[in-house]
Amino acid sequence: MAVYIDPPTWPGHGRYWSHLVSDESFAELHAFAERLGAPARAFDRDHYDIPATRYGDAVGLGAIQVGSREIVARLTAAGLRRRKRHRPG
C-alpha cells in the first residue's frame with residue numbers, strides 16, 4: 001500500500017543509488033516506477049535502483065523515505081524479498 005525509498009548511499013557506476021520497493025506487490029512497484037520514468041532495466045529482483053538525481057522525484061511522487069534496514073524489513077514482511085542466489089564456484 002506504499003512505496004519506500006532509502007537514501008542514495010549505494011555507490012556504483014560513478015554515482016550513488018537508492019532502492020525503491022513496495023510493501024504490497026510488484027505490480028504496485030512497477031506502476032510507481034513507470035510514473036517515475038525508471039527504465040525496466042533498473043529493476044533488480046525485488047527493487048528498482050534509482051540514481052541520487054531522481055531521489056527527490058520519487059519522494060515527490062509519494063515514495064516514503066526510510067533507512068536501508070527498513071527497506072529490507074518491509075520487503076521481508078510483505079513476502080517480496082528475493083535474495084541473490086550464490087553460485088558455487
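Throughout this tour, buried means under 20% relative accessible area, exposed means over 50%, and partly exposed covers what lies in between, computed with a 1.4 Å probe on protein chains only. The model is predicted, so that local features need pLDDT of at least 70 and side-chain atom pairs count only at pLDDT 80 or more, while totals for chains, interfaces and linings use all residues. Residues are numbered from 1 along each chain as its sequence is written, and side-chain values use heavy atoms, with hydrogens and water left out.

**The aromatic rings**

Select Y48, which counts as buried at 5% relative accessibility. A search of the whole structure finds 2 aromatic pairs, where rings of Phe, Tyr and Trp (its six-membered ring) pair if their centres lie within 6.5 Å, and planes under 30 degrees apart count as stacked, over 60 as edge-to-face and the rest as tilted. F26 is buried, at 17% relative accessibility, whereas F43 is partly exposed, at 24%. F43 also pairs with Y48 in a tilted arrangement, 5.2 Å centre to centre and 55 degrees between the planes, and F26, F43 and Y48 form one aromatic cluster.

**The charged pairs**

Turn next to the salt bridges, each a side-chain nitrogen of Lys or Arg within 4 Å of a carboxyl oxygen of Asp or Glu; the whole structure holds 5 of them. Select D46 and R81, whose side chains meet in a salt bridge at 3.2 Å, N to O. D46 sits in the loop between strand 4 (43-44) and strand 5 (47-51) and R81 in the segment after helix 3 (68-78), so the pair ties together parts that are 35 residues apart in sequence. D46 is buried, with 0% relative accessibility, while R81 is partly exposed, with 31%.

Now select D44 and R45, which form a salt bridge whose closest N and O atoms are 3.1 Å apart; D44 is partly exposed at 27%, and R45 is partly exposed at 26%.

Finish on helix 3, where R74 and E70 are 4 residues apart and thus separated by about one helical turn. Their salt bridge brings the closest N and O atoms to 2.7 Å, and R74 is partly exposed at 29%, as is E70 at 30%.

Methods. Helix = DSSP H or I, 4+ residues; strand = E, 2+ residues; numbered from the N terminus.
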